[in-house]
Amino acid sequence: MDEASYWDIPGMTMGVSGVGWVGQSLMLFGSEEQKKKYIPLIASGEPDGVWCTAYSEPNAGSDFANIQTRAVRTDSEYILNGQKIWTSCAHRARWCWLAARTDTNVAKKQHGISLLILDMKSPGITIKPIENFAGVHIFNELFFDNVKVPVANLVGIENRGWYHLMQSLAFERHSMAPQFYGGARRIHEYLVKYVRDNRYKGKPMSEDSIIRHKLAERALELETLKMFAYEITWKISKGIIPVYEAARNKAYCDLVMERLAITGTEILGIYSQVDALSKWARLMGIITRMYMMFPGNSIAAGTDEIQKNIVGQFKLGLPRPY
Amino acid sequence: MDFDLSEQQKMLKAMAGDFMSRECSKARVRQLEKDSKGYDPVVWDKMVELGWQGLILPEKYGGMGADFLDLVVLMEEMGRNILPGPFFSTIGECAIPLMTFGRDSQKADYLPLIASGKNIWSLAVLEHSGRFDVGEIACCANSDGKGYIINGEKWFSQYAHVADRLLVICCTGRQGEGITAFLIDAKKKGIKIENIPTVAGEGQCRIRFKNVRASSNDILGKRGQGWKVVDYLAQRALVLKCAEVCGACQAVLNMTQAYAKDRVQFDKPIGSFMSIQHKLVDMLTAVEGLQYLVYQAAWLISAGQKADIAVAMAKAKANEVYQRVCIDAVRIHGAIDFTMDHDLGWYFRRIKDAEFTLGDTDFMLERIAGGIGL
Ligand SMILES: Cc1cc2nc3c(=O)[nH]c(=O)nc-3n(C[C@H](O)[C@H](O)[C@H](O)COP(=O)(O)OP(=O)(O)OC[C@H]3O[C@@H](n4cnc5c(N)ncnc54)[C@H](O)[C@@H]3O)c2cc1C
Ligand SMILES: Cc1cc2nc3c(=O)[nH]c(=O)nc-3n(C[C@H](O)[C@H](O)[C@H](O)COP(=O)(O)OP(=O)(O)OC[C@H]3O[C@@H](n4cnc5c(N)ncnc54)[C@H](O)[C@@H]3O)c2cc1C
């Protein structure tokens, strides 16, 4: 994840290729047929192995368990109706990793949820693109009108999807620190090169002590992120199940990205507003694009507040405030 | 790098924690802040029994030959409980360079006395400016054919007032040039030592040298190579200081976390208010990040690898985190901790000592900048 992200390999970030969490989840709780069918596709890196993930709905963001999209079971299939939103890459995906409500008569809203594999070629799916404020089309709205999903596409146990989803979310969050570390490391290197190659006030920018210290601070944050990424990887490799670490890492990733993006724009100065695709863009527009995207991207996979609530409750044992 | 301690280190850690809570009560530390010596000789001797002064010294000189990482574990515990005394200056700042740069005769003369707790050492490097920089060294050692004559001042030399020996960094050329490290008897004629009163009473001293004689046998390492000695000892001593800070930060976090669960206002534990909760989470993330950077630096040193950038990162992080964590801890406690009776003040009073030991944040950032190719 670290290296793939450093080299900006398409499809590795946001988990759209299925590498981030679909593959790992299927290995853990998918059926034999599902493993045989989907894992080789994910491994192949072909378009038929591309996934999107549909959890969020208009009224179920941070409060994920609030989902209303219904999957009603008949003999051999589920009939899917409802709406998802913010589904990244749905317009490119062959499959969708979907959370739907299979039982409404439940004591807790976490119950009665199931995890389904949806074939994006099924009739009855409407994909409506949403352009983000940077002008990039990443996410979409999805509408389901009596979409048929074979019962064989149920992952794990019916109505117990919440627990599978928590595991899947854990895979997603575990992979974030290595992934963000790789990407941020590359951008930091670009900035170091940029200040060495550009002059200001008659000397290389790299000799300016304010710039030196800002980039040194960013390097220190990157190193801290690296330690967090290695720690969680080390724990998993030893069979220790991380509890709060991924949430801590996610919040820290967003802090690292924010500071790096801001420092980057300060180094590029007024050029940081030049459109990323313009011939006058500096550093191929990566800083501009990063700056335009970091606040919005920090919302994906759970906001800062939600991550801190998790750490506060599960690591520090503080009383739940809500 | 391993993210866990060895079984032996876990034992050392448990033993140290146990010792400190038994022998170094909070009441005792409070007395020591005001004590003219600034440390407890009885506790110092008990530490000798446990072999701590000699922990990383070679067995041949009465030490235990343990790994640098073991010392890091020990320092972390000392920081957690706060154990005032000349351990850091004696071991971290003086014994470590002696082990590496000392001639056999110097090692045989001095190391056994350190291991047995009989000798206390103090590093004399900073001068009136208080800045950790080679260009600031003006205390001179002039050669007169028979030997050297030292004249000048040293500031913020820790525990010099109780030290038997000093490691003095002098210039043997013009200011900032020809830096040479001398091993000097602290009781020598011409040496005057006085206490600098500080907020934490951590034994800071000013030393004045007036025509103090030294011979070439007293030089540690080579003449003119004294800053190499300083750089070498600084890397290791800094990791130890950072480990101490790390222990202190964990203690502050733990006491604040416990207080937040306990203290009720508006009929709820204050730890249930999200703003308090998120502050505590930020503290945790800061402290864990610090801990890993410190252990990475320690591990690199212990493995004999290049560590200067990792050390600079650990110190810059320690400076930031210690201050941040203490400020937030004060805020979360409300007024109760803003009293002499409360433990938090100890940790707060020590922030600036740690921050300016062997290089401040700007110094470290400059070093990191060099390390990333700037
Ligand atoms: C770039 C991007 C890509 C995305 N991709 C996908 C995707 O592929 N699939 C998918 O299913 N979803 C995706 N999402 C949706 C994302 O998971 C949600 O946006 C996110 O969970 C937040 O939900 P929300 O937007 O409804 O905000 P809300 O939940 O309405 O939150 C609004 C604000 O209230 C705060 N808040 C809410 N609850 C609490 C609480 N208990 N304590 C403190 N503060 C709270 C939040 O932190 C936030 O600041 C994506 C989002 C973005 C921005
Ligand atoms: C220098 C000084 C001088 C003072 N002088 C006087 C004086 O002359 N007269 C006098 O009567 N008092 C005085 N005080 C007391 C002062 O008013 C209280 O300390 C203050 O109101 C906080 O109360 P507390 O110390 O009990 O903290 P607590 O109320 O216990 O607060 C502890 C922490 O919990 C947080 N917290 C509490 N409730 C909430 C909430 N609902 N939401 C979010 N966070 C919360 C607080 O912000 C704080 O961080 C003084 C205090 C100081 C430090």
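A salt bridge is counted here where a side-chain nitrogen of Lys or Arg lies within 4 Å of a carboxyl oxygen of Asp or Glu. By that rule, three salt bridges cross the interface of chain B and chain A in this predicted model. In one salt bridge, the side chains of B:D282 and A:K308 come together at 2.9 Å, N to O. The contact itself draws 36 residues from chain A and 35 residues from chain B. Between chain B and chain A an area of about 3300 Å² is buried, and carbon and sulfur atoms give 70% of that area.

Over all chains, a search of the whole structure returns 23 aromatic pairs. One of them joins A:Y291 and A:F294 in an edge-to-face arrangement, with 5.7 Å centre to centre and 65° between the planes. Both residues belong to helix α8 (residues 286–297) of chain A, where A:Y291 and A:F294 are three residues apart, about one turn of the helix. In general, an α-helix has 3.6 residues a turn, so residues three or four places apart point the same way. The two partners fall into separate accessibility classes: A:Y291 has 38% relative accessibility and therefore counts as partly exposed, whereas A:F294, at 14%, counts as buried.

Buried means under 20% relative accessible area, so B:F3 counts as buried at 17% relative accessibility. B:Y292 is buried as well, with a relative accessible area of 12%. The pair also takes part in a cluster with residues of chain A: ring pairs link B:F3 and B:Y292 with A:F228, A:W234 and A:Y252.

In chain A, A:R282 lies over the face of A:Y271, 3.6 Å from the ring centre. In chain B, B:R236 lies over the face of B:Y232, here at 3.7 Å from the ring centre.

Finally, the backbone deserves a look. Most residues other than glycine have a negative phi. A:N146 is not a glycine, yet has a positive phi of about 50°. This residue is found in strand β7 (residues 137–150) of chain A, and A:N146 counts as partly exposed because its relative accessibility is 45%. B:L358, likewise a residue other than glycine, has a positive phi near 50°. B:L358 is placed in the loop between α11 (351–356) and α12 (361–371) of chain B, and with 6% relative accessibility B:L358 therefore counts as buried.

Methods
Residues are numbered from 1 along each chain as its sequence is written. Chains are lettered from A and ligands numbered from 1 in the order in which they are written. This is a predicted model: local features need pLDDT of at least 70, side-chain atom pairs count only at pLDDT 80 or more; totals for chains, interfaces and linings use all residues. Side-chain values use heavy atoms; hydrogens and water are left out. Rings of Phe, Tyr and Trp (its six-membered ring) pair if their centres lie within 6.5 Å; planes under 30 degrees apart count as stacked, over 60 as edge-to-face and the rest as tilted. Helices (H or I, at least four residues) and strands (E, at least two) are DSSP runs, numbered from the N terminus. Buried means under 20% relative accessible area, exposed over 50%, partly exposed in between (1.4 Å probe, protein chains only). A charge sits over a ring if NZ of Lys or CZ of Arg is within 6 Å of the ring centre and within 35 degrees of the ring normal. Contact means heavy atoms within 4.5 Å. Buried area is the accessible area (1.4 Å probe) that two parts lose on being put together, summed over both.
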